[in-house]
Structures are given as structure tokens and as C-alpha cells.
Amino acid sequence: MQNAHNRDVRTVMKRRQFLIGTASGLSVLVLAACGSPSPQPTKVPVPTGAPSVVPKPQAMQRSSWSIDPFARGSFSFPAVGASPEHRAALAEPVLGRMFFAGEATAATEPGTVNGARESGLRAATQLQAVGRTNERIIVVGAGIAGLAAATQLREAGYDVTVVEARERVGGRIDTITKGWPNPIELGPSFVHNSTENTLDDEFATLGVSTLPFPRVPQARTRAREVVPLSPLGAEAVAEALAWAATQPQDVSVERAFVDSGESRLSDALNAQGLSDADWLEYEISTRLKMTSGALLSEQSAWYTPAEPLADDDLIVVGGYANLLTSDAAALDVTMASVVTRIAYDDEGVSLRLGAGEALSADRVIVTVPLGVLKDEAVEFSPELPFAHRSAIAAIGVGVLDKVWLRFDEPFWDTEAPLWTVVGTDSDFPVWVNMLPITGEPVLMGMIAAENALRLAEASDEVFLTAAMHSLEPFRAAT
Ligand SMILES: Cc1cc2nc3c(=O)[nH]c(=O)nc-3n(C[C@H](O)[C@H](O)[C@H](O)COP(=O)(O)OP(=O)(O)OC[C@H]3O[C@@H](n4cnc5c(N)ncnc54)[C@H](O)[C@@H]3O)c2cc1C
């Protein structure tokens with residue numbers, strides 16, 4: 001643990017050096033891609049800072065996915081040296097008795113709700129290819145992957161039990177309704193790729209309200225000036241990744257920036273006090289880190305998408321967890337049961353629970369998050385095949401956290417739903433303004449990668465102070 005903390009302290013410092021190097025047009029040292037444990041909160045001291053000029057909200061709710069023992073991170077990302085083959089390896093059945101699902105095993109759309117669900121359906125189909133109906137099946141984890149797998153098997157006639165560590169279903173889908181005028185989401189809020197998948201129709205059938213959420217943000221400087229978006233950062237990212245694609249082996253995104261020369265953007269300030277380098281930092285903080293949750297030194301340049309996702313997002317305002325309600329109600333779900341050990345052979349499987357009980361079954365589908373597998377929070381006996389262990393080590397787990405703030409009345413005067421900050425270091429560089437969406441003065445902020453790790457264990461007071469400082473550029477002009 002101590003080593004992991006030291007590593008993260010060093011990487012936080014590296015990031016700062018990278019940014020300094022970028023802004024001053026200098027090349028910088030690059031960290032070699034190191035092993036990839038689950039993300040660990042850093043012990044960097046968190047200054048409380050001066051009180052913010054932003055009014056104090058009436059309510060705050062935050063996530064801390066990196067310290068959640070049943071998540072240990074937010075979602076998987078392509079780490080340096082990892083490839084889609086690693087996800088495929090993790091999705092391989094073991095002895096026809098143990099099957100893996102979950103977003104990290106998804107062939108398409110990993111790191112998303114839809115990818116996770118598809119992986120659950122795939123694992124159920126793999127099991128059906130070798131198992132007889134009426135067999136006893138255990139599914140570990142009641143997130144969307146586990147519930148999808150269990151539902152398909154139950155409908156096919158299998159005797160299915162879902163074993164879930166938490167006292168609720170949904171896993172990283174975590175909708176809070178109590179105390180808020182509309183449901184808020186500590187996990188996913190958006191349906192990505194909505195023109196391709198069916199989630200939008202399903203929400204519509206369930207009567208759950210969703211709205212198109214265009215990705216074009218408003219960008220503001222620290223001085224509260226709204227500035228036109230510059231393509232310079234996105235172009236530098238595309239060039240650096242294109243350079244990396246021609247290299248004989250994968251490198252980190254950080255290294256791709258430096259070695260391709262794309263980090264050498266001018267730091268000369270224009271009339272708005274912004275430089276070309278500021279727009280690169282903007283692209284890094286508002287896109288690359290938000291989508292991976294990872295340090296640049298850990299992200300694969302080969303497999304980081306050069307283009308932003310298609311602009312077809314929907315925001316779910318009626319509660320993401322409604323997607324799970326009917327499946328969960330029809331299933332036998334054993335809550336508050338932490339699986340600590342899975343023993344398997346070609347006859348069957350047996351599971352040990354934290355409280356000491358044992359369960360046995362013909363086959364098991366394991367859907368615990370990649371961070372849980374990385375930390376070996378579940379012991380496998382015998383140990384997993386080498387290909388599975390390699391995949392678990394190679395694929396990365398990133399961190400994205402959210403903060404929701406409810407105000408008495410808006411302190412802002414923009415109707416833009418998506419806010420971003422340029423030209424200044426901001427812990428929360430992206431905000432969603434719910435006022436034009438729900439009519440309520442509620443904001444959702446996002447914090448990723450090293451900033452999320454640094455604040456993961458901070459008190460609510462410190463966390464809120466950081467959020468309020470990040471909101472200062474959005475105060476209404478007086
Ligand atoms: C902050 C955040 C924002 C996101 N935003 C979006 C978004 O806008 N759109 C999108 O599509 N995706 C988004 N995602 C990703 C999406 O939430 C996940 O990809 C998806 O929910 C993962 O589902 P899963 O079933 O694979 O895993 P999980 O939902 O994590 O399910 C795994 C289950 O296993 C349980 N478990 C863990 N350990 C044990 C154990 N030892 N014994 C028994 N049970 C155990 C867990 O409690 C959990 O219920 C976001 C994620 C986060 C964290």
C-alpha cells in the first residue's frame with residue numbers, strides 16, 4: 001500500500017511537471033508505464049484554501065469510487081501495453097465452469113453501461129453453450145452485467161442466485177432520490193452512443209425521462225470571460241496519437257505528446273490571457289482525463305480514441321437505476337454477501353462468503369469490477385490461468401468522481417448546460433448545469449484522475465471548498 005501511495009505522489013508531481021513543460025514549450029521526463037494496481041488515494045496534503053466567493057450550497061452529495069471496496073475505481077481504461085485482446089482474454093471461460101462479465105470484459109463500449117450489459121449477455125450465452133438448463137448457477141455481483149446475465153439464464157430455465165456484496169443492486173449505477181428534487185446519479189448519468197444501442201428506447205418504455213445532451217460546452221477563463229472554443233488542443237491530441245500509431249510499440253499519451261513534439265505549443269498569451277498550450281491542457285483535463293479517469297502517463301496512446309465520442313449523448317434525469325428494477329425484482333438476489341473465495345474444478349464451483357458461509361453451484365459468472373480483481377479481494381483456487389491474470393494486470397482502472405450541489409437560487413446567469421474551465425488548474429474542470437434541464441438550481445461537477453485520487457479521502461468540507469473554488473468562473477456578472 002505504501003508503495004502504491006508513493007507511486008501516486010510521484011505521478012501527481014510528474015503531471016505538474018508535464019503541464020509546466022507544456023506551458024513553457026519544454027520537453028519533460030516521462031514516467032515509464034509501471035504496473036497497474038487499482039487506483040489508490042494519494043496522501044498529498046489537501047489545503048483548505050481561502051473561503052470561496054461562491055455561495056454555500058444547501059446540500060452536497062459526492063462519490064468516492066476509488067475507496068469503495070466493491071468498486072475500487074470508476075471504470076476500466078486502455079493502459080499502456082493493454083489491448084482489446086486482454087479484454088477478450090478476460091472474457092474467456094475457465095474450465096467451462098467459471099465465466100467473466102463486467103464492463104472491463106466488454107468487446108465493444110467497455111467502461112459503459114451498455115458495454116457492461118452486453119458483456120453479461122455474452123457470458124450467459126457462453127454458459128448456455130455448455131450448461132444444461134435446471135443447473136444451479138451463481139452470479140457474483142448485481143450490477144448491470146450480473147443482472148443481465150442472471151435474467152437471460154433465469155428466462156432460459158436455469159436456477160440462478162445473484163450474490164451481491166452491497167445492500168442494494170446496481171453497483172456503479174447509483175441513483176439517489178432522497179433529499180433531492182430530482183434523482184441524482186453518483187455513477188452514470190448519460191447514455192452514450194444512443195443512436196446505436198437500445199437504452200434510449202428502454203428508458204422511454206419505462207417512462208424514465210431522458211434528454212439529448214449536446215457535448216458542446218461553454219468555456220470560461222478564471223476571469224469569468226466566455227471564450228470561443230479553440231480546436232488547437234484537439235488537433236495536438238490527434239497529431240500526437242497519430243504519431244504514436246506509427247511507432248513500433250505502444251507508449252503513454254504523455255510520452256506521445258512529448259516525443260511527437262505536440263507538447264511544444266506556444267505559451268504566448270492572447271488578448272484573453274490564453275495560450276495555445278492552455279488549449280492542450282483544456283483538451284487533456286476536459287476530455288482525455290474525464291473519459292479515462294487516468295493519468296496521462298498510464299494511458300495507452302495506441303488505444304486512446306483520437307476523436308471524441310459521437311455527439312449523441314442523452315442525459316437520464318428520471319433515475320438510471322430504474323433500468324434495473326424489473327430484472328432485480330424477478331431474480332433471487334442475496335444482498336450484503338461478500339464473496340471472498342471461489343474454488344473451481346471441472347465438476348463445479350464453491351464460493352466462500354465473508355461471513356464464513358459456503359455456497360456451491362454447477363457454474364459461476366463473476367462480474368465483480370476489475371479493481372476488485374486487481375486487488376485480489378476475491379481469491380481464486382486454483383489461481384486463474386495466466387492469460388486472465390495478465391489481462392487483469394494490463395487493463396487499467398481510472399477514477400472519475402462526481403459532486404452534486406443544490407443551491408437556494410442560482411448564482412450563475414448562463415443557460416448553458418455544460419460548463420468547462422480553460423487556462424487555469426481546476427479540480428473540477430467540467431460541470432453540468434441542471435437548471436435548464438430540470439428547472440432546479442442544481443449543479444453536477446466532475447473530478448478525475450490524480451485530482452480525484454487526491455481528494456478521495458478528504459473531508460466533505462475540504463471537498464466542497466475545492467468544488468466551490470472551481471465554480472468561481474461561473475458567477476454571474478455583478
Ligand atoms: C462516476 C461514474 C460515471 C459514469 N458515467 C457513465 C455514463 O455516463 N454512461 C455510461 O454508459 N457509463 C458510465 N459509467 C460506467 C458504468 O457505470 C459502468 O461501466 C457499469 O455500471 C459497470 O457495470 P458492471 O456490472 O460491469 O459493474 P458494477 O456495476 O460495478 O457491478 C459489479 C457488482 O459486483 C459487486 N461486488 C463487488 N465485489 C463483490 C464481492 N466480493 N462479492 C459480491 N459482490 C461484489 C458490486 O457491489 C457491484 O454491485 C460511469 C461510472 C462511474 C463510476
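S337 is buried, with a relative accessible area of 9%, where buried means under 20% relative accessible area, exposed means over 50%, and partly exposed lies in between, computed with a 1.4 Å probe and protein chains only. This residue lies in the loop between strand 13 (332-334) and strand 14 (339-345), and the side chain of S337 reaches the backbone oxygen of M335 at 3.0 Å. Such a polar contact is a pair of N or O atoms within 3.5 Å; within protein, one atom must be able to donate a hydrogen and the other to accept it, and residues adjacent in sequence count only if both atoms are side-chain atoms. Helices (H or I, at least four residues) and strands (E, at least two) are DSSP runs, numbered from the N terminus.

The model is predicted, so local features need pLDDT of at least 70 and side-chain atom pairs count only at pLDDT 80 or more, whereas totals for chains, interfaces and linings use all residues. Residues are numbered from 1 along each chain as its sequence is written, and side-chain values use heavy atoms, with hydrogens and water left out.

**The ligand and its surroundings**

- There are 38 residues around the ligand, and of these E103, V113, E164, R172 and F190 come nearest; a residue counts as near a molecule or strand if one of its heavy atoms lies within 4 Å of it.
- By class, the shell around the ligand has 21 nonpolar, 13 polar and 4 charged residues, where Ala, Val, Leu, Ile, Met, Phe, Trp, Tyr, Cys and Pro count as nonpolar, Asp, Glu, Lys and Arg as charged, and the others, Gly among them, as polar.
- For V339, a backbone N or O atom lies 2.9 Å from a nitrogen atom of the ligand.
- On its own the ligand has 1,000 Å² of accessible area, and the protein covers 98% of this; accessible areas come from the Shrake-Rupley method with a 1.4 Å probe, and for residues only the protein chains shown count as cover.
- The elements that give two or more residues to the shell around the ligand are helix 3 (113-130) and helix 4 (144-155).

**Salt bridges**

- The structure holds 17 salt bridges, each being a side-chain nitrogen of Lys or Arg within 4 Å of a carboxyl oxygen of Asp or Glu.
- Side chains of opposite charge can pair when their charged atoms come close.
- One of these bridges joins R363 and E135, with the closest N and O atoms 2.6 Å apart, and this pair links distant parts of the chain, since R363 is in strand 17 (residues 363-366) and E135 is in the loop between helix 3 and strand 4 (136-140), 228 residues apart.
- R363 counts as buried at 5% relative accessibility, and E135 counts as buried at 3%; R132, E135 and R363 are linked in a network of salt bridges.
- R222 forms a salt bridge with E472, the closest N and O atoms being 2.5 Å apart, and the two residues are 250 residues apart, with R222 in the loop between strand 10 (218-220) and strand 11 (226-227) and E472 in the segment after helix 14 (460-471).
- In this pair R222 counts as partly exposed at 38% relative accessibility, whereas E472 is buried, with a relative accessible area of 11%.
- E450 and K289 meet through their side chains in a salt bridge of 3.0 Å, N to O, which links helix 13 (residues 449-455), where E450 lies, to helix 8 (residues 276-292), where K289 lies, 161 residues apart; both E450 and K289 are buried.

**Strands and their pairing**

- Strands of a sheet pair through backbone hydrogen bonds, either parallel or antiparallel, and two strands are taken to pair if DSSP finds at least two bridges between them.
- Strand 22 (residues 430-433) is covered on both faces, with V430 and V432 on one side and W431 and N433 on the other all buried.
- Strand 21 (residues 418-421) pairs with strand 22 in the antiparallel sense over 3 bridges, and L418 stands opposite V432.
- Strand 22 also runs antiparallel to strand 23 (residues 442-448), to which 4 bridges join it, and the bridge partner of N433 in strand 23 is L443.
- Elsewhere, an open sheet of 3 strands has the order 8-12-9 with antiparallel pairing; strand 8 (190-191) and strand 9 (210-212) stand at the edges, each with a single partner strand, so one side of each is left without a neighbour in the sheet.
- Strand 8 and strand 12 (residues 314-316) pair over 2 bridges, and L314 in strand 12 is the bridge partner of V191.
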